[in-house]
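Here are my notes on this model, point by point. Please read them with the structure open.

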Amino acid sequence: MRLVHDSEKRYHDCEHNTYIAIDDNGKMLGRICTRKVSWFGVEFCHLFVKEDYRRQGVATFLNNELIKLYNQSVLLATVRCENNPSIQMMKSLGFTEALRFGSKISGMLVTLFVRGGDRELHYKA
């Protein structure tokens, strides 16, 4: 499996960066988008894995590759509160549940997950 930047937006119309997981034959297995939300933060969004490839590590692969790519950033992700498989995956990837809120976009209750960069940040007053 390889990670490829979908610069042509062939697999999603997200206005931000789209990355796809492909197999050795170039077949798309899944995709994820990223959106810069501030100078220090990146949101993972629009994760999708083709049905035939679910529960085979594609979503974990996509997330892990982007964690490596954005390792100096604070990473954010929102997951629908009833999506238990995705919630468990985010926790297994080191994301922490920060809060739950109603999305103004979808109208659904979502959980915000946060993951810090590889370095601890310290603040001195």
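**Notes on the predicted model**

1. His-46 first. Check its backbone: His-46 has a positive phi of about 55 degrees, although it is not a glycine.

2. Arg-55 also deserves a look. Its phi is near 65 degrees, a positive value in a residue other than glycine. Arg-55 sits in the loop between β4 and α1. With a relative accessible area of 77%, Arg-55 is exposed, since the cut-off for that class is over 50%.

3. Confidence. This is a predicted model. Mean pLDDT for the chain is 84, and 90% of its residues reach 70 or more. Residues 119–125 are another matter: pLDDT stays under 50 there. For that stretch the model has 1 contact beyond four places in sequence. I would keep this segment out of any detailed reading.

4. The largest pocket. Its volume is about 1100 Å³. Of the 34 residues that line this pocket, the closest to its centre are Leu-47, Thr-78, Val-79, Asn-83 and Ser-86. Two or more lining residues come from each of β3 (28–36), β4 (41–49), α1 (58–69), β5 (74–80) and α2 (84–92).

5. Make-up of that lining. Which element gives the most to the lining of the largest pocket? Strand β4 does, with 7 residues. By class, the lining has 18 nonpolar, 10 polar and 6 charged residues.

6. Leu-3. This residue lies in strand β1, residues 2–5. At 26% relative accessibility, Leu-3 counts as partly exposed, so it falls outside the buried class, which needs under 20%. Leaving aside neighbours within four places in sequence, Leu-3 is in contact with Tyr-19, Ile-20, Phe-61, Leu-62, Glu-65 and Leu-66. Leu-3 and Gly-30 are 27 residues apart in sequence. Their C-alpha atoms are 9.8 Å apart in space.

7. Glu-65 and Lys-68. A search of the whole structure finds 4 salt bridges. One of the pairs I looked at is Glu-65 with Lys-68, where the closest N and O atoms are 2.9 Å apart. Why are these two separated by about one helical turn? Because they are 3 residues apart in helix α1. Glu-65 is partly exposed, at 22% relative accessibility, whereas Lys-68 is exposed, at 56%. Glu-65 is also among the contacts of Leu-3.

8. Glu-82 and Arg-80. These two form a salt bridge, the closest N and O atoms being 3.0 Å apart. Glu-82 is partly exposed, with a relative accessible area of 49%. That value stays in the middle class because exposed means over 50%. Arg-80 is partly exposed too, with a relative accessible area of 39%.

9. Arg-100 and Glu-97. Here the closest N and O atoms of the salt bridge are 3.2 Å apart. Arg-100 is partly exposed, with a relative accessible area of 48%. Glu-97 counts as partly exposed as well, at 34% relative accessibility.

Methods. Residues numbered from 1 in each chain as written. Predicted model: local features only at pLDDT ≥ 70, side-chain atom pairs only at ≥ 80, totals over all residues. Heavy atoms only, no water. Helix = DSSP H or I, 4+ residues; strand = E, 2+ residues; numbered from the N terminus. Buried < 20%, exposed > 50% of the residue type's maximum accessible area, 1.4 Å probe, protein only. Contact = heavy atoms within 4.5 Å. 1 Å grid on protein atoms, 1.4 Å probe; cavity = no way out; pocket = protein on both sides within 12 Å on 5 of 7 lines; lining within 4 Å. Points joined across faces, edges and corners; volume = space filled by probe spheres on them. Nonpolar A, V, L, I, M, F, W, Y, C, P; charged D, E, K, R; others polar. pLDDT = per-residue confidence, 0-100. Salt bridge = Lys/Arg side-chain N within 4 Å of Asp/Glu carboxyl O.
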